[in-house]
There are 2 protein chains.
Amino acid sequence: MNLVMQAGERRDPSAALEPILRLVSTGMAEVNTIILDQARSEVELIPELARHLINSGGKRLRPMLTIAAAKLCGYEGTGHIKLAASVEFMHTATLLHDDVVDESDMRRGKKSARILWGNQASVLVGDFLLGQAFKMMVEVGSLAALKILSEASAVIAEGEVMQLAASKDMTTTEEEYLAVIFSKTAALFAAASEIGGVIASRSEAEQSALRVYGTNIGLAFQLIDDALDYSGEAAMLGKSVGDDFREGKITLPVVLSHRRGTVEERAFWRRTLQDGDIEEGDLHQAIALMRRHNAIEETIERARIYGREAQKALDIFPASEAKAAMLDAVDFSISRAY
Amino acid sequence: MNLVMQAGERRDPSAALEPILRLVSTGMAEVNTIILDQARSEVELIPELARHLINSGGKRLRPMLTIAAAKLCGYEGTGHIKLAASVEFMHTATLLHDDVVDESDMRRGKKSARILWGNQASVLVGDFLLGQAFKMMVEVGSLAALKILSEASAVIAEGEVMQLAASKDMTTTEEEYLAVIFSKTAALFAAASEIGGVIASRSEAEQSALRVYGTNIGLAFQLIDDALDYSGEAAMLGKSVGDDFREGKITLPVVLSHRRGTVEERAFWRRTLQDGDIEEGDLHQAIALMRRHNAIEETIERARIYGREAQKALDIFPASEAKAAMLDAVDFSISRAY
């Protein structure tokens with residue numbers, strides 16, 4: 001039974017998230033306690049800013065994957081909780097720095113931290129959270145998990161620099177775009193999943209399968225995110241439509257539309273994204289061009305392919321509640337776009 | 001023989017640095033190779049920016065302390081090299097983020113990275129270097145060293161946030177100032193020294209002595225730095241005099257001058273540092289007020305006290321070339337102010 005195929009049939013995409021939410025609920029409650037505890041500091045600004053982020057309603061998909069993967073692997077210890085919290089801190093630190101780099105005003109439908117507390121605090125609190133993340137990993141004491149997460153940390157930053165360099169560059173190819181999202185998004189999803197198997201001391205084949213699962217769900221997730229930025233459903237997810245457009249980010253819907261565009265259309269993309277000369281109605285026009293070239297639908301189609309790869313990677317594991325929940329989580333990542 | 005007392009007699013302060021430079025020269029050559037190697041990336045901007053920092057002529061005192069401490073402890077392995085390189089990367093990442101936070105235009109007499117490549121690249125390349133630092137630490141495989149360095153990483157960021165919160169605040173006390181420099185500077189000096197003993201598996205008492213040494217040389221180093229910012233010798237060190245003044249940083253020379261100042265003088269400090277309303281001649285006036293209240297000399301005197309504490313901490317170790325070099329390094333840190 002291919003679960004991805006059901007995605008289109010579902011009315012409510014969040015229904016596909018329910019099995020994993022149920023599976024990890026106890027673990028995630030512990031993760032949340034640790035997150036609040038580790039964001040404490042006598043320096044007032046730190047818990048203040050951290051609380052803002054913690055309460056901002058992210059889904060915490062990444063730490064959920066760590067907990068779910070540990071359960072899939074029959075792990076009975078407690079190390080996965082701190083590892084999951086580390087993953088979320090790494091992600092939060094990235095968001096803080098990203099908002100500074102992208103000069104974003106909004107994050108998940110709320111004013112971004114850099115608007116409320118300034119760029120300076122965002123940079124430094126991000127550094128603090130990263131430090132706390134590594135402290136927690138060390139407390140768990142698994143050098144193998146530390147290796148995976150520290151490598152992810154460097155790769156994520158590399159991906160962000162790559163994205164910065166490709167920003168406003170209309171010659172960006174599909175391959176270059178994929179290299180960016182592989183680093184900046186899929187690397188942390190991959191690490192989050194893999195460490196669940198590592199902490200459970202499972203075989204290399206199983207650890208590797210979890211890594212493949214994480215990489216592919218991460219790619220699917222980012223592709224859908226990039227599609228949503230040009231579609232009406234984004235507002236429902238607390239995102240403002242057109243953020244990527246205004247920031248000159250060259251995402252796949254743009255790459256596809258530009259590649260297939262007429263001379264006039266290419267001039268439109270250069271003016272808006274490369275030169276940053278955006279007039280009223282341009283976002284509307286961008287969406288119209290994407291529709292003309294089927295760019296959103298094809299971005300979603302690519303996400304479906306990665307989603308199927310993610311699900312296929314779990315073939316190595318016997319059926320279980322955890323496995324079913326992780327398969328459904330892939331559906332959720334993709335069906336958000338409907 | 002109290003080496004600090006000789007500091008005033010020395011003609012050339014860098015003479016006191018020679019013994020440690022000689023001691024660590026082979027090790028530091030290996031550190032430099034690793035630094036260049038680890039700053040490599042297919043993302044061009046990363047090695048470009050990293051090379052700028054690497055060639056910018058910092059003294060690399062922190063990694064030198066790691067190598068020297070390992071030698072002091074008779075360490076025969078190779079792990080200290082990667083740990084030292086990690087320490088330097090952590091420091092470089094902090095410098096990159098600091099320049100963004102302080103909006104600094106210059107660093108060691110050259111244009112700062114953020115002026116040459118922008119704030120965005122500085123934030124992200126800092127993150128990359130931090131990731132590489134943790135990767136190297138993991139490769140060494142000492143969980144004890146990882147614990148010390150990850151804790152330092154969180155404490156440094158905490159100190160930077162503290163400094164940001166205290167910035168432009170004329171009610172900052174000497175104690176609050178000390179808490180800032182303890183975190184933002186002394187923590188990394190302490191970690192750098194301690195891990196030399198940790199990697200050599202020395203007794204807790206010896207590890208702790210190295211930590212005390214590092215903390216105190218770090219405090220002395222920062223106090224002298226803060227004094228130099230208001231003295232003519234700064235230019236020689238590639239620093240521009242008055243940076244802290246222009247950035248509204250409340251350092252000890254300011255705290256002492258403000259505390260002892262008349263009503264008019266306090267109004268001057270509030271106008272310039274709190275309100276940021278700096279006119280021509282104000283830096284000159286600030287230096288004159290510091291002279292009147294002996295604030296620079298007393299800042300240096302406090303550095304001398306910490307320097308003596310650093311040297312005393314090494315009493316637990318028998319005489320050796322390494323010990324003598326580490327004692328002299330303290331003299332160097334202080335005699336820079338002459």
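**View 1. A polar atom of the H97(B) side chain lies 2.7 Å from the backbone oxygen of V123(B).** The model is a predicted one, in which local features need pLDDT of at least 70 and side-chain atom pairs count only at pLDDT 80 or more, while totals for chains, interfaces and linings use all residues. Residues are numbered from 1 along each chain as its sequence is written, chains are lettered from A and ligands numbered from 1 in the order in which they are written, and side-chain values use heavy atoms, with hydrogens and water left out. H97(B) belongs to helix α5 (residues 79-102) of chain B; helices (H or I, at least four residues) and strands (E, at least two) are DSSP runs, numbered from the N terminus. With a relative accessible area of 2%, H97(B) is buried; buried means under 20% relative accessible area, exposed over 50%, and partly exposed in between, with a 1.4 Å probe and protein chains only. Beyond its neighbours within four places in sequence, H97(B) is in contact (heavy atoms within 4.5 Å) with H97(A), V123(A) and D127(A), and also with S122(B), V123(B), G126(B) and D127(B).

**View 2. Chain A and chain B bury about 3,200 Å² between them.** Buried area is the accessible area (1.4 Å probe) that two parts lose on being put together, summed over both. Carbon and sulfur atoms account for 80% of the area buried between the two chains. Of the area that chain A buries against chain B, 18% comes from Q120(A), L124(A) and V161(A), more than from any other three residues. In terms of contacts, 35 residues of chain A meet 35 residues of chain B.

**View 3. Six residue pairs, both members at pLDDT 80 or more, are in polar contact between chain A and chain B.** A polar contact is a pair of N or O atoms within 3.5 Å; within protein, one must be able to donate a hydrogen and the other to accept it, and residues adjacent in sequence count only if both atoms are side-chain atoms. On the side of chain A that touches chain B, helices α2 (45-54), α4 (79-102), α5 (113-140) and α6 (143-166) of chain A each supply at least two residues. The residues of that side comprise 19 nonpolar, eight polar and eight charged. In this division, Ala, Val, Leu, Ile, Met, Phe, Trp, Tyr, Cys and Pro count as nonpolar, Asp, Glu, Lys and Arg as charged, and the others, Gly among them, as polar. The number of salt bridges between chain A and chain B is zero.

**View 4. D225(B) and R336(B) meet through their side chains in a salt bridge, 3.3 Å from N to O.** Because D225(B) lies in helix α9 (residues 204-228) of chain B and R336(B) in the segment after α15 (321-335) of chain B, the pair ties together parts that are 111 residues apart in sequence. Both D225(B) and R336(B) are buried. A salt bridge is a side-chain nitrogen of Lys or Arg within 4 Å of a carboxyl oxygen of Asp or Glu; over all chains, the count by this rule is 40.

**View 5. A salt bridge joins R260(B) to E298(B), with the closest N and O atoms 2.8 Å apart.** The pair links distant parts of the chain, 38 residues apart: R260(B) lies in helix α11 (residues 252-260) of chain B, and E298(B) in helix α14 (residues 295-313) of chain B. R260(B) is partly exposed at 30% relative accessibility, and E298(B) is partly exposed at 22%. In chain A, a network of salt bridges links E174(A), R259(A), R260(A), E298(A) and R302(A).

**View 6. K147(A) and E151(A) lie four residues apart in helix α6 of chain A, about one turn of the helix.** They form a salt bridge, and their closest N and O atoms are 3.4 Å apart. K147(A) is partly exposed, with a relative accessible area of 44%; E151(A) is partly exposed at 31%.

**View 7. V87(B), in helix α5 of chain B, is buried with a relative accessible area of 0%.** Apart from its neighbours within four places in sequence, V87(B) is in contact with R62(B), P63(B), T66(B), L149(B), L188(B), A192(B) and I195(B). Its C-alpha atom is separated by 9.0 Å from that of F189(B), 102 residues away along the chain.
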